[in-house]
Amino acid sequence: MASQDPPIPPPHAFQSPPEAAHSSPVYGFAANVVDKVKTNLVFRSKWAELNGAMGDLGTYIPIVLALTLVDGLNLGTTLIFTGVYNIITGAIYGVPMPVQPMKSIAAAALAGTGFGVPEIMAAGILTGGILIVLGVTGLMKLAYKLIPLSVVRGIQLAQGLSFALTAVKYVRTVQDFSKSKAKGNRQWLGLDGLVLAIVCFCFIVIITGAGEEHSGERDEETNGHLGDDEERPARKRRNFRKFIFAFPSAFIVFVLGVVLAFIRKPKLVHDIKFGPSAIEVVSISKHAWKEGFIKGTIPQLPLSILNSVIAVCKLSSDLFPGREFSVTSLSVTVGLMNVIGCWFGAMPSCHGAGGLAGQYKFGGRSGGCVALLGTAKLILGLVIGSSLVKILTQFPVGVLGVLLLFAGIELAMASRDMNTKEESFVMLLCTAVSLVGSSAALGFVCGIVAHLLLRLRDYRKGQPLLTLWMHENP
């Protein structure tokens, strides 16, 4: 029998089907990344996320404004870079992870002469580099496991109370951010008076309450047994309450502040110059590196480790149960923000437990919240650049104080889960020393010493030494 050649398949038979191409490892990884980013940036509630984006401005605006007026910080560049930071962190973490100024570096810059933009940027780069090393080597994860929860809560409580006290100062006294001091008591009436601040405070309390999220469900449970005749009025009341409580209170208050800024100085419209600020590489001398490290990095590093990484990781897990947050990731992202942005004159930035608490308080629940804020910063930086500072100088400081007050209280309330007297003792000792000494590092050391002494007091022979540290942390 004559042999027959096998049939030649058509040319398209040698091509991989679309399903095979899509199942490649590279495509699958890229698809997973895109899906995760989309999920992380989805708004849980449009108005709530918009409202939550305002929760971080009480700390952001005063510090950035002061650094711009005193040290000549490039506000346009800072807006562009921090806007990009907001968008990226929102896409990565899927929660309202804030981007805040590094407060100890800002305090050093505002304290006196000899610490200008080069020194600020050197301090930010060095702090960022150290945080990257701590994250990559696993030392940050080790610190997170070893530091007792009561000490972390003490740092959070101190930071929250510090925000609240500063907020009350903003409300009560007239502030001169260019000189970092008060100019006298605030008047009751006026476009930045006490009455305005009190009205804004009452408005936010009525809308947001103490931060509870399930009041509507309780109303439905309470009225579930009513008859048809009584159900209609009850339903109308519930709908009215839902309508009122859905107001973006912080956003409305912020917009009111912007409107009042233009009313206070109508010529602001003519002072605005359109176009982005020039982005240039900052020249840093050897002296600036030295001064930045001594006066900026050394005091900032303990605060960044405790409040920007460890406390933020713990607070994120508390506010968003079931989500996993890595101190390694947080440490590296904070480090990268500064190692990159500070070379171009962007303000040294970090995450902060206070900013996270403030954004959560006002309704932020997803990465879309901070991505929205970042987009607004990016647009402002590109459209009007540094001329925005002229608007911010007229913004009612009392209104900023009200926003900061709620952020501070929300952060302080995260410390209410101390269940034993020993835990409360360590927490309050850490808080008191941090507040009075104006140093989170000093409070941290005192808290660790107190924790060790209490554990040694209860130590039993034969007990593993590791339990002196580890039994409090799950």
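The model is predicted, so local features are given only where pLDDT is at least 70 and side-chain atom pairs only at pLDDT 80 or more, while totals for chains, interfaces and linings use all residues. Residues are numbered from 1 along each chain as its sequence is written, and side-chain values rest on heavy atoms, with hydrogens and water left out.

Rolling a probe the size of a water molecule over the atoms shows where empty space is left. A cavity is a set of points, on a 1 Å grid over the protein atoms alone, where a 1.4 Å probe fits but cannot get out, and its lining residues have an atom within 4 Å of a point. Grid points are joined across faces, edges and corners, and a volume is the space filled by probe spheres set on the points. A search of the whole structure finds one cavity of 30 Å³ or more, and the volume of the largest cavity is about 40 Å³. Among the residues that line the largest cavity are Pro 101, Lys 103, Gln 300 and His 351. Helix H15, which covers residues 286–319, gives the most to this lining, with four residues; helices (H or I, at least four residues) and strands (E, at least two) are DSSP runs, numbered from the N terminus.

Side chains of opposite charge can pair when their charged atoms come close. A salt bridge is a side-chain nitrogen of Lys or Arg within 4 Å of a carboxyl oxygen of Asp or Glu, and the structure holds eight of them. Asp 192 takes part in one with Arg 186, at 2.9 Å from N to O, and in one with Arg 264, at 3.9 Å from N to O. Arg 264 lies in helix H13 (residues 249–264) and Asp 192 in the loop between strand S3 (181–185) and helix H10 (194–208), so this pair ties together parts that are 72 residues apart in sequence. Buried means under 20% relative accessible area, exposed over 50%, and partly exposed in between (1.4 Å probe, protein chains only). Asp 192 has 14% and therefore counts as buried, whereas Arg 264, at 34%, is partly exposed.

Finally, Arg 153, Lys 314, Asp 318 and Asp 417 are linked in a network of salt bridges.

Notes
1 Å grid on protein atoms, 1.4 Å probe; cavity = no way out; pocket = protein on both sides within 12 Å on 5 of 7 lines; lining within 4 Å.
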